[in-house]
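Here is a short briefing on a multi-chain complex. The points are grouped by topic, starting with a note on how to read the database annotations.

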Amino acid sequence: MKGRLRTNLLRWVWLVSLLLLGIAAQSFGQGCSQCLDNTRATPPAVQAAYRKAIYLLGGTGAALFIAGTLFIRRER
Amino acid sequence: MTAQHSRWTHHRTVGFGYVAISLAAACVGTVLSLLMRLHLTWPAWSLPLHGLILPEEYLALVTMHGTLMLFFVLTVAPQSGFGNLILPAQIGARRMAFPRLNAASMGLTGLALLVLLAAFFVPGGSPISGWTAYPPLSATALAGPGQGEGMDVWLAAIALFSLASTLGAINTLTTIVKLRGEGMSWQRLPLTVWGWFTAALLSVLVFSVLLAALAMLFCDRHLQSGFFLPTGDLVNGVLLQHHGDGSPLLWLHLFWFFGHPEVYIAILPGMGLTSMVLANFAHRRVFAYRLMIATTLLIGFLGILVWGHHMFVAGLNPFAGSAFALSSMAIALPSSAKVLSWLATIWRSRPRLTTPMLFALGFVSLFITGGLTGPILAQPILDEYLHNTFFVVAHFHLIMAMAGIFGLFCATYYWFPLLFGRLLSEPLGKLHFAGTLIGAYGTFLPMHLTGLAGEPRQYAQLTGGGSGPAGQLLQTTLPLQHGITYAAFFLACAQLPFLLNLVLTLRSHLLATPNPWSATTMEWASQDFDEASTEDKPTGLVTYRGPCHYSEDGVSFLPQWESGATSTLPPE
Amino acid sequence: MSPILTPPEIDRRHRAHESDNGSGRRPPTDKLTGGNGEGGDNWNDRPQGRRGPRERLSQVRMGLFFGLFAVLMFFIAIVSAFFVTRASGHFDAYSHYVNEWLPTTIPSILWLNTAVLLLSSASAEMARRSMFREVDVMDEWIGLSRRTSQRAAAWLSVTLGLGGLFLVGQWIAWDQLAAQHVFFRSNPSSHFFFLITIAHAIHLFIGVSALIAALIGLRRSHKLASRQILVDATVWYWHAMGLLWIFLFVLLEYGQ
């Protein structure tokens, strides 16, 4: 009984959090007008380069963080 | 490495060294912040022996206050200071993994502080571009008086600090992974250790990015490169001579990739300590222990991926802004889980309201108050309005600075018997707590209001802005400004009972009983386990269970180091 | 796992039955442990899994790998800036988009340098392996010979020579570019070429210092375990710098 309640609760937590994140996703592309101007004045190649750089930096950082935590699971 | 270690490389020595460094930085930083408040409220007030505070001097105060407090207090004291003083004992180890490296990084941190303080005395004075040192104004000496040698000194100090933090974090990580005593499995590690672990992992990953950014900024300043400088940039009417089409946005990316995890480095150890102290004095187990471990790691992980929310109004692509807004709001989930666990741990318990417990409760309170404004600022649309106002100042001072300081006070009161064999006086401690809590809220809550009213941050002068609508708007915030300044002075004075408490307690001969708080974690195992000894022999301690095993009826408890016999809690 | 000598695994004995009380009932169970100069350090007192050189080795390795995380992030930060700057330009007075980036011609000597660095990594690995060859290590542990250390020192000297050669080669490459009037300040791409190669050279210089320290340690250190750890850590660092160089070289050669 307690276990089922827990899974139910967990499911609700997931649903609500996805919903909350989804609501945020609806507001795609919001930003200050200066930012919009700045972005429009930036050629697509540069935008793509920024995107790539963000993926590279964030991706490596996140991957190393996960690697670090997995790394330690080998120790007892 | 060898059987005998020098006292200089002993982790207690190193830990006290770190604490001394951050204490010095905190004193200087506090004085600077009070000067800022005085100048904001009474611009005509002249500093004795100095004269009027000029606008550029105000900016220098902002810069040095931020740098000292964030780097040398909030990073050094919880992570390196208490990390060294308590961590080995808490995992059942006798020493840190690399004692010499440890001592070296402490020395480097001290050197970094000296170099930074030297910025006050170089020609032009200290830098004025804030602790974030945004180019192009940080990339040229033309930008202002402190941006010449002062900025170079700042760069050198922070580079040294990055190096020291990385080395220190490597030591912490290796110690936690490799030196845990017998029976200390991952599940049984106290949450403080998980906080130190996550913060150290973040330090290893982000401080070197800061170092790279500093190196590039140095090149921009002295080698005519243009990593962060756009073509044809005019500063103070002078065309900057350099090659390349750089962008300040690039610095912002690199800096905040470091800067955001940095605030988690400052607060994660405090979060862990709060969990343990709440459970300790409520005589309860930590609610959802494994979930708390998971949220600590998750906060660290997400912390790497949210840096863009500092750049919503900096010209960031709005789509990238939305992505960063999503990841920033996702952090609210593990953070709320933590708050819920704290509340559930003390829910309907009858906690012993000792001073460390009060400071832990204060931490929770400040974390909620400061945290609630987080999701607001994580919305790009709302942040546009609020970003350059005192609302942001209120947010980060409550959640990071004040919560961090409360974590530090909690640690001081809690571990004082372990470090000095004496209990700090409770009445003075409670006076200190009450004063600090009132001062903290009195200083930083009204800033939300002035920020919402439109008071800009990092402006040297608010009065005399003319009779335009902006000037009138600011006039209306002036009464609150006065109140904030009085509260800030009250907050500073509220630390006097603490200092008095320290002096009185250290001079008294009344020794604390072993394990005075009925704590369950390993650092309290036995008083004859001579922490100050430099001999490298095994502790002989075995960990039998996770922390905080208090019986349901609240009569007895099982410390981590006892094989089976329960100990009885002292009567109230 | 490479073999490294640890004393035989012995279950932790209970203190109550620890000592032979002289009745002759209990056979002596004490094995020879803690030899090799580890004075007063009785590994039997330690819990299993943390009894000596093996654990010290894995500690140092772990610290080193966390340090390498930091080094990797340092270069990743520079490389991500590289991608952004490579694409960036500005609008000139005629509203034309101008990208100043002129790819820096990579001096062909860098190919030779890369080969030298690869070779040095191979010789470093030979040194590392020779430090852990079981039969010889046993001899050296007992004190019959110092063959392993001597062999490792020879290989490390080769590595040191090759590493020095690499640094000289990098110097020549910078010189060649200077002769063509390509300096650090010339162009965005040359900023990055010099920044990356110099930053890597500084890291490699640390490696060279570590090699020298290891060579001194091989002569001076009285403990075989310390010698092994010194060589092992130095060589892993050296490998990482070699790998990093290949990544950076490919980036500079083909990524501009």
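UniProt positions are given in the numbering used here, feature names are shortened, and annotations may be inferred rather than shown by experiment. With that in mind, an unreviewed UniProt entry lists "domain: Heme-copper oxidase subunit III family profile" for residues 60–256 of chain C. The model is predicted. For the complex, the predictor gives an ipTM of 0.94 and a pTM of 0.91.

**Confidence in chain C**

- The mean pLDDT of chain C is 84. A pLDDT of 70 or more is reached by 80% of its residues.
- Residues 7–17 of chain C have pLDDT below 50. Beyond near neighbours in sequence, this stretch makes twelve contacts in the model.
- Residues 27–41 of chain C also stay under 50 in pLDDT. Here the model has 21 contacts beyond four places in sequence.

**Annotated spans**

- Residues 60–256 of chain C, the span of the UniProt domain entry, are 80% helix and 2% strand. The end C-alpha atoms of this span lie 37 Å apart.
- In chain A, UniProt places a "transmembrane region" at residues 53–72, again from an unreviewed entry.
- That stretch, residues 53–72 of chain A, is 100% helix and 0% strand in the model. Its end C-alpha atoms are 29 Å apart.

**Chain A overall**

- Chain A has three helices and zero strands. Along the sequence, the pattern reads α-α-α.
- Chain A has 76 residues, and 24% of them count as buried.

**Helix α2 of chain C**

- Helix α2 of chain C covers residues 109–131, which makes 23 residues. From first C-alpha to last, the helix reaches 33 Å, close to the 33 Å expected at 1.5 Å a residue.
- The buried residues of α2(C) include Leu110(C), Val116(C), Leu117(C) and Met131(C). Also among them are Asn113(C), Arg128(C) and the serines Ser120(C), Ser121(C), Ser123(C) and Ser130(C).
- The cover over the buried residues of α2(C) includes α4 (147–179) and α6 (224–254) of chain C.

**Where chain C meets chain A**

- This contact takes twelve residues from chain C and 13 residues from chain A.
- On the chain C side, helix α1 (residues 53–87) of chain C provides the largest share, ten residues.
- By class, the side of chain C that touches chain A has nine nonpolar, two polar and one charged residues.

**Where chain C meets chain B**

- This contact takes 33 residues from chain C and 34 residues from chain B.
- Helices α1 and α5 (188–220) of chain C each supply at least two residues of the side of chain C that touches chain B. The most come from α1(C), with 16 residues.
- The side of chain C that touches chain B divides into 15 nonpolar, 13 polar and five charged residues.

**A sheet in chain B**

- Three strands of chain B form an open, antiparallel sheet in the order β5-β6-β7.
- The edge strands are β5 (549–550) and β7 (567–568) of chain B, and each pairs on one side only.
- Which strand pairs with β5(B) over two bridges? Strand β6 (residues 556–558) of chain B does, in the antiparallel sense.
- His549(B) stands opposite Leu558(B) in β6(B).

Definitions and conventions: Residues are numbered from 1 along each chain as its sequence is written. Chains are lettered from A and ligands numbered from 1 in the order in which they are written. This is a predicted model: local features need pLDDT of at least 70, side-chain atom pairs count only at pLDDT 80 or more; totals for chains, interfaces and linings use all residues. Two residues are in contact if their C-beta atoms, placed from the backbone, lie within 7 Å. Helices (H or I, at least four residues) and strands (E, at least two) are DSSP runs, numbered from the N terminus. Ala, Val, Leu, Ile, Met, Phe, Trp, Tyr, Cys and Pro count as nonpolar, Asp, Glu, Lys and Arg as charged, and the others, Gly among them, as polar. A residue is buried if 20 or more other C-beta atoms lie within 10 Å of its own, exposed if 12 or fewer, and partly exposed in between; C-beta atoms are placed from the backbone. The expected span of a helix is 1.5 Å times one less than its number of residues. pLDDT is the predictor's confidence in each residue, from 0 to 100. Two strands pair if DSSP finds at least two bridges between them.
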